Amino acid sequence: GAEMVLARDVVGFEARGPVRAVRFDGTGEVEARALLIATGVSYRRLDAPGLEQLGVRGVYYGATPSEAIQCQGEDVYVVGAANSAGQAALNLARYAKRVVMVVRGNRLEDTMSKYLVERIRSVDNVEVRLRAEVVAARGDGHLEALTLADRAANTQEDVPTSWLFVFIGASP
């Protein structure tokens, strides 16, 4: 009894007693006792040379269980320092050989919940690189390497990897 409506512009909502109506641009409407509206999300993109050319081949703006399982025995990089990045790092660490969190700031505690910081520090295969950034990506059809900048030491390092997970914010 469910109806799914995709790619339609909504121009209005109305309460009609116990039901709600959604009016669409042009013609048409849907009435229901409950409405689920999933408008999606736009992820803030990491701006580093090489990332746009790779698209989604090794570069992810979210981490699902299926990607986590595919990282079995691999080195994985996670960019970000908020709770979503920390939760992803812990989930990926269950499968990956090593998870490296790339954090621009000086401390995880500035942007992440204390309980999550403590959990991250207690996991042996999670490494946190503070004052660091991804400044380039390379690969032939799929991510093969990243260039990381250490802002404190003013150095750069090339690291091989097929997995980059980016958690730097999103807008609904």
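Visitor: Which residues of α3 are called buried, and what do they pack against?

Guide: In helix α3, the buried residues are A85, G86, A88, A89, L90, L92 and A93, where buried means under 20% relative accessible area, exposed over 50% and partly exposed in between (1.4 Å probe, protein chains only). They pack against α2 (65–70), β6, β7, α4, β8 and β12 (164–166), the helices (H or I, at least four residues) and strands (E, at least two) being DSSP runs numbered from the N terminus. The model is a predicted one, in which local features need pLDDT of at least 70 and side-chain atom pairs count only at pLDDT 80 or more, while totals for chains, interfaces and linings use all residues. Residues are numbered from 1 along each chain as its sequence is written, and side-chain values use heavy atoms, with hydrogens and water left out.

Visitor: Why are α3 and α4 called roughly parallel to each other?

Guide: Helix α3 (residues 83–93) and helix α4 (residues 114–122) pack at an angle of about 30 degrees, with their axes 10 Å apart. Angles under 35 degrees count as roughly parallel, and α3 and α4 are therefore roughly parallel to each other. Their crossing is left-handed, a term for a near helix turned anticlockwise from the far one by less than a right angle.

Visitor: What makes up the largest nonpolar core, and which element supplies its largest share?

Guide: The largest nonpolar core has 25 residues, and those with the most contacts inside it are V76, V78, L92, V99, M101, L108 and F165; such a core joins buried nonpolar residues through side-chain atoms within 4.5 Å. At least two of its residues come from each of β6 (75–79), α3, β7 (98–102) and α4, and the largest share, six residues, is that of α3. Apart from this core lies another, of 19 residues, including Y61, V102, A132 and A137.

Visitor: Which residues does V78 touch?

Guide: Not counting residues up to four places away in sequence, V78 touches A85, A89, L92, V99, V100, M101, V102, F165 and F167.

Visitor: What is D25 in contact with, and why is D25 partly exposed?

Guide: D25, in the loop between β2 (19–24) and β3 (29–32), is partly exposed because its relative accessible area is 49%. Leaving aside its neighbours within four places in sequence, D25 is in contact with R8, D9 and V11. D25 and V11 are 14 residues apart in sequence, and their C-alpha atoms are 5.6 Å apart in space.

Visitor: Why does S122 count as exposed?

Guide: S122, which belongs to helix α4, counts as exposed because its relative accessibility is 54%. The C-alpha atoms of S122 and A15, 107 residues apart along the chain, are separated by 51 Å.

Conventions:
Axes fitted to C-alpha atoms, helices over the stretch in contact; angles between N-to-C directions. Parallel < 35°, antiparallel > 145°, perpendicular 65-115°, else oblique. Contact = heavy atoms within 4.5 Å.
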